[in-house]
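I opened the model to look up a hairpin, a helix pair and the ligand shell. My entries follow.

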Amino acid sequence: MPEPPPLLAAEGLGVRFGDFRALGGVSLRVRQGGIHSVIGPNGAGKTTLFNALTGARPPTEGAVTLAGREVTRMPAHRRARLGMSRSFQVTNLFAELAVRENLRLAVQAARGRSAWAFWHAPSRLPGVAEAVEGLLSLTGLAARADARAGSLPHGGQRALEIGMALASDPKLVLLDEPLAGMGVDDVARTKALIRGLAPARTVLLIEHNMGVVLDISDRITVLARGRVIAEGPPAAIRADPGVREAYLGSTGAAA
Ligand SMILES: Nc1ncnc2c1ncn2[C@@H]1O[C@H](COP(=O)(O)OP(=O)(O)OP(=O)(O)O)[C@@H](O)[C@H]1O
């Protein structure tokens with residue numbers, strides 16, 4: 001049987017910063033319904049790749065296709081409307097507002113037609129409350145729904161960020177280092193949360209926690225110095241001598 005077309009594809013993606021080529025012709029096929037991780041030593045180009053895929057910083061060469069549609073020059077907010085969402089490495093919450101309010105604003109912003117739709121009363125947008133409750137339960141934050149977002153422990157804030165990235169009910173969610181800075185318990189919880197997103201959603205993940213990546217990914221792409229050096233299922237990546245070398249070669253910089 002022929003392989004189904006990928007939900008997200010990159011072809012020869014390149015990004016230059018002046019003379020420096022941060023991404024040098026990366027091709028990637030993300031299958032629908034799986035967890036696909038992008039790993040690589042610090043500075044390999046992972047975040048630059050995410051920026052090019054989401055439209056945060058359009059590539060200087062190559063093409064991006066989302067659900068069969070070419071989106072290379074499409075702005076990020078229009079890609080979001082096509083079902084792509086992203087969580088950030090940097091905390092992106094309203095710290096003074098309750099957890100539930102953060103999610104409500106994210107759901108309303110995603111559903112509203114204008115950027116100001118989130119000022120509308122909840123009653124104007126049917127189903128918002130249900131969506132918020134769904135996200136609270138999915139992220140394990142229901143018991144903390146009325147707490148100030150800023151008062152949550154680090155792991156809880158990261159879970160809330162993932163919840164906000166899911167507020168638009170995306171087909172594809174890109175998570176940038178969701179486990180960064182987490183303790184063991186939070187890692188276990190968030191790992192289960194991410195695994196549970198697929199197959200209803202497709203996940204593209206940047207993560208330095210190799211144990212988790214090898215455990216939950218269906219496919220792994222390894223970047224080093226802006227290029228793909230390996231791609232395959234976890235067992236193949238684990239056994240790949242080139243991957244080991246890429247990490248060891250950046251002694252001190254590798255996670
Ligand atoms: N705005 C920029 N201007 C110039 N160089 C940049 C810029 N953004 C990133 N770079 C460089 O591009 C390279 C790739 O950076 P990028 O952040 O994509 O790597 P990464 O794999 O995500 O790293 P990390 O694991 O540390 O987050 C690095 O050498 C970085 O210094």
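**Hairpin, helix pair, ligand**

I started at the hairpin of β9 and β10: two residues lie between the strands, and arginine 225 takes a positive phi near 45 degrees. I am working from a predicted model, where local features need pLDDT of at least 70, side-chain atom pairs count only at pLDDT 80 or more, and totals for chains, interfaces and linings use all residues. Residues are numbered from 1 along each chain as its sequence is written. Helices (H or I, at least four residues) and strands (E, at least two) are DSSP runs, numbered from the N terminus.

I checked the pairing next (at least two DSSP bridges between two strands). β9 (residues 219-224) and β10 (residues 227-232) run antiparallel, joined by five bridges. Leucine 223 stands opposite valine 228 in β10.

Then I took the helices. α5 (residues 154-165) and α6 (residues 184-197) pack at about 10 degrees, with axes 10 Å apart. I note that axes are lines fitted to C-alpha atoms over the stretch in contact, with angles from 0 to 180 degrees between N-to-C directions. α5 and α6 are therefore roughly parallel (under 35 degrees). Gly155, Arg158, Ala159 and Ile162 of α5 meet Asp186, Arg189, Thr190 and Leu193 of α6 (C-beta atoms, placed from the backbone, within 7 Å).

Phe17, Phe20, Ala22, Gly40, Asn42, Gly43, Ala44, Gly45, Lys46, Thr47 and Thr48 surround the ligand. Which element gives the most to the shell? α1 does, with three residues.

Note on methods. A residue is near a molecule or strand if its C-beta atom, placed from the backbone, lies within 6 Å of it. Angles under 35 degrees count as roughly parallel, over 145 as roughly antiparallel, 65 to 115 as roughly perpendicular and the rest as oblique. Two residues are in contact if their C-beta atoms, placed from the backbone, lie within 7 Å.
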